[in-house]
Amino acid sequence: MALLLLLSILLALVFLTAEVTLSGSQKCVARNFGHGSVVCECNSTYCDSVGSITLPPLGQYSSYLTSMAGSRLEADQGQVQVNSTGAGLKLTLAPDQKYQKIRGFGGAMTDAAAINILSLSAGAQDQLLRQYFSPEGIGYSVVRVPMASCDFSTRLYTYADTPGDYNLDNFTLANEDINMKIPLLQRAQAFSLRPLSLLASAWSAPAWMKTNGALIGKGSLKGQPGGKEHKTWAQYYIRFLEEYAKYNLTFWALTTGNEPSSGQITNYSFQALGFTPEEQRDWVALDLGPALHASSHPHTHVLILDDNRLLLPHWAKVVLSDIHAGKYIHGVAVHWYLDGLVPAELSLGVTHHLYPEYYLFGTEACSGFSPLDRGVTLGSWRRAEQYARDIIEDLNHYVVGWTDWNLALDQTGGPNWVKNFVDSPVIVDAQRDVFYKQPTFYSMAHFSKFLWEGSQRVGVSSSQKTDLEYSAFIRPDGSAVLIILNRSSSVIQFEVWDPAVGYIPCTAPAHSLLTLAWNTH
């Protein structure tokens with residue numbers, strides 16, 4: 001009897017393994033911490049995954065559902081209908097209305113993220129990197145890399161802390177780069193099918209170059225654009241690119257510096273470098289642009305602003321209307337903080353219409369930054385909806401990519417030397433050698449896994465007023481992707497009409513995020 005039982009258990013295990021391998025998908029190990037929804041727990045041997053995705057043949061569609069109720073990229077398929085289902089609400093795709101093309105989605109390899117990833121066992125580290133960067137994971141293609149320290153570091157440092165070193169003779173990468181960030185970036189790249197788009201941002205120049213003689217607080221570069229501090233600061237960027245290139249890591253883009261407005265705030269609590277838009281314009285025109293152009297990395301994109309969209313379109317007008325600065329610039333980088341204070345159309349939309357040849361790119365976002373709602377909340381659904389809503393709004397206003405902040409944090413939302421604790425899509429519990437994938441991880445996945453580089457946003461309209469928020473794309477292979485957010489507490493029935501293929505009957509459960517994908521030829 002016991003033998004028979006053992007045999008049947010073994011057989012069941014074999015079938016179970018076969019099922020997992022065949023579909024490539026594995027279910028979420030859900031844990032509920034009482035914050036509205038669940039996290040998915042992963043360890044060195046197991047992590048949920050929807051697997052790499054192949055669309056069904058023409059005439060069928062795939063759908064992927066994440067919900068407050070606990071679905072996590074739950075896959076389904078259905079038949080495209082020839083006739084309308086008669087649903088009251090119809091979303092109509094207009095592929096001939098073409099907008100911006102996608103660059104990519106990702107997160108930041110801060111010192112804190114690296115420390116947390118490396119606090120896990122080798123197996124769990126690989127699992128975490130695979131979740132983000134592999135085709136079986138969510139296909140991140142962008143990684144923002146702070147140049148030297150930021151608040152998510154355990155100490156204050158730059159790469160050139162020797163006073164008066166205008167030639168940068170003592171420029172050197174930190175232990176944090178050489179032993180933590182660089183090896184992890186190389187491993188992330190190995191998991192990714194295509195080259196990662198690395199993006200560099202500096203928080204502060206060395207203290208000796210600055211008016212306040214400190215990395216933190218209110219301060220800017222000494223002297224004027226074209227002067228020796230400004231020239232040295234431009235060369236600092238070049239040296240950074242050269243040092244990383246020695247490790248076979250080349251950067252797609254750099255920003256002109258993280259949050260220049262912060263460096264204009266008296267007693268600002270962590271690393272910052274103040275620039276006015278006029279100073280940024282002249283520094284790019286006289287120093288950074290020419291230095292980059294003359295370097296061994298002349299094709300690196302330059303993104304201005306790297307701050308909140310509250311500063312648009314004014315900042316863009318000042319910098320981009322100058323022909324000398326404009327010729328070196330490729331895009332405008334925006335952060336998501338305070339987005340609620342300024343409509344997307346008045347900031348992003350106006351900037352795009354004034355300067356359509358420059359792209360808009362989201363370079364930082366996190367939950368838990370507000371003093372009223374601080375740090376990590378395991379399983380928060382509200383935060384997942386905030387992410388999805390902001391991404392959809394940005395995409396519908398010409399943004400070509402969206403970068404989350406720390407790739408991983410600990411359960412307090414750190415380490416952070418100034419205790420500016422926030423949340424992350426991945427929270428590490430090193431004690432148990434596990435990590436939790438937050439609802440926000442899946443919010444990112446609904447975009448990053450489906451919107452490949454080169455996907456083009458197209459028109460989509462609704463037949464009546466609706467609570468649904470949505471954005472539609474045609475991918476480089478011609479397949480269509482529609483992402484739909486339902487933040488309401490009601491189930492919403494609707495249909496999607498793609499004139500090229502027919503009608504897709506749909507249901508968006510209450511508090512859910514849905515990605516639909518189908519072949520069009």
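The term here means a side-chain nitrogen of Lys or Arg within 4 Å of a carboxyl oxygen of Asp or Glu. R432 sits in the loop between strand 17 (426-429) and strand 18 (434-437), while E41 belongs to strand 2 (residues 38-42), so the contact ties together parts 391 residues apart in sequence. Helices (H or I, at least four residues) and strands (E, at least two) are DSSP runs, numbered from the N terminus. E41 is buried at 13% relative accessibility, and R432 is partly exposed at 43%. Buried means under 20% relative accessible area, exposed over 50%, and partly exposed in between, with a 1.4 Å probe and protein chains only.

On conventions, residues are numbered from 1 along each chain as its sequence is written, and side-chain values use heavy atoms, without hydrogens and water. As the model is predicted, local features need pLDDT of at least 70 and side-chain atom pairs count only at pLDDT 80 or more, whereas totals for chains, interfaces and linings use all residues.

Which residue does D287 meet in a salt bridge? The partner is K231, at 2.6 Å from N to O. The two link distant parts of the chain, D287 in helix 6 (residues 277-294) and K231 in helix 5 (residues 228-245), 56 residues apart. D287 is buried, with a relative accessible area of 2%; K231 is partly exposed at 38%.

Finally, a network of salt bridges links R239, E242, E243 and K246. The structure holds 23 salt bridges.
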